[in-house]
Amino acid sequence: MKSDHILILPGWQNSGPLHWQSLWQAQSGYQRVEQHDWMRPLRGDWMGRLEDVLLSLDQPAVLVAHSLGCQLVAAWAAHSQNTGRVKAALLVAPGDAEREELRPVLGSWSPLVLKPLPFPSILVASTDDPYCTYERAAGFAKAWGSELVNAGARGHINADSGLGDWPAGQALLQKLIQI
């Protein structure tokens, strides 16, 4: 699989330079789906941007989503007629955009899409994620038909979690690429 067919989907506020998504992009040449507004994300805008990038590719992609990026995958898959352009998805630390404190900024993301994804997926969740309880993440995995992986107490599975380039996550991505 071509490295630019691995699409990095950061969440709200993007992924900084020490985030595993950014490290993977720098090391492997994966393509980040740049959004027009990382600070005030609108679901429809983000879905349209993902669709545009997928339509520009000559073969199916593997999605690597973090936080709100996981909700993007579910929302896009429920509305797109081009889901065949995705081979699989790695969904990491799904953010819960329906949390009361997030509604002012993430209001366009409610209601969350809880329909099965039409491609294989693995959801990795932490037991102490401040943006989504493990139980809620397990519910997302069930609704989306994703294999659930318990990462233990790893916070939001981001740069603050001290993962570096996260070899365990790379192994999960390779599993999906091989499907």
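Rings of Phe, Tyr and Trp (its six-membered ring) pair if their centres lie within 6.5 Å; planes under 30 degrees apart count as stacked, over 60 as edge-to-face and the rest as tilted. By this rule, six aromatic pairs are found. Trp24 and Trp166 make a stacked pair. This pair joins distant parts of the chain, with Trp24 in helix H1 (residues 20–28) and Trp166 in the loop between strand S6 (147–150) and helix H6 (167–177), 142 residues apart. Phe140 and Trp144 are also stacked.

| Pair | Centre to centre | Angle between planes |
|---|---|---|
| Trp24 and Trp166 | 6.1 Å | 15° |
| Phe140 and Trp144 | 5.2 Å | 15° |

The model is predicted: local features need pLDDT of at least 70, side-chain atom pairs count only at pLDDT 80 or more, and totals for chains, interfaces and linings use all residues. Residues are numbered from 1 along each chain as its sequence is written, and side-chain values use heavy atoms, with hydrogens and water left out.

Phe140 and Trp144 lie four residues apart in helix H5 (residues 134–144), so about one helical turn separates them. Trp24 and Trp166 are both buried (under 20% relative accessible area, with a 1.4 Å probe and protein chains only). Phe140 is buried at 1% relative accessibility, and Trp144 is buried at 1%. Trp20, Trp24 and Trp166 form one aromatic cluster.

The chain holds six helices and six strands (DSSP runs, H or I of at least four residues for helices and E of at least two for strands, numbered from the N terminus). Of its 179 residues, 50% count as buried.
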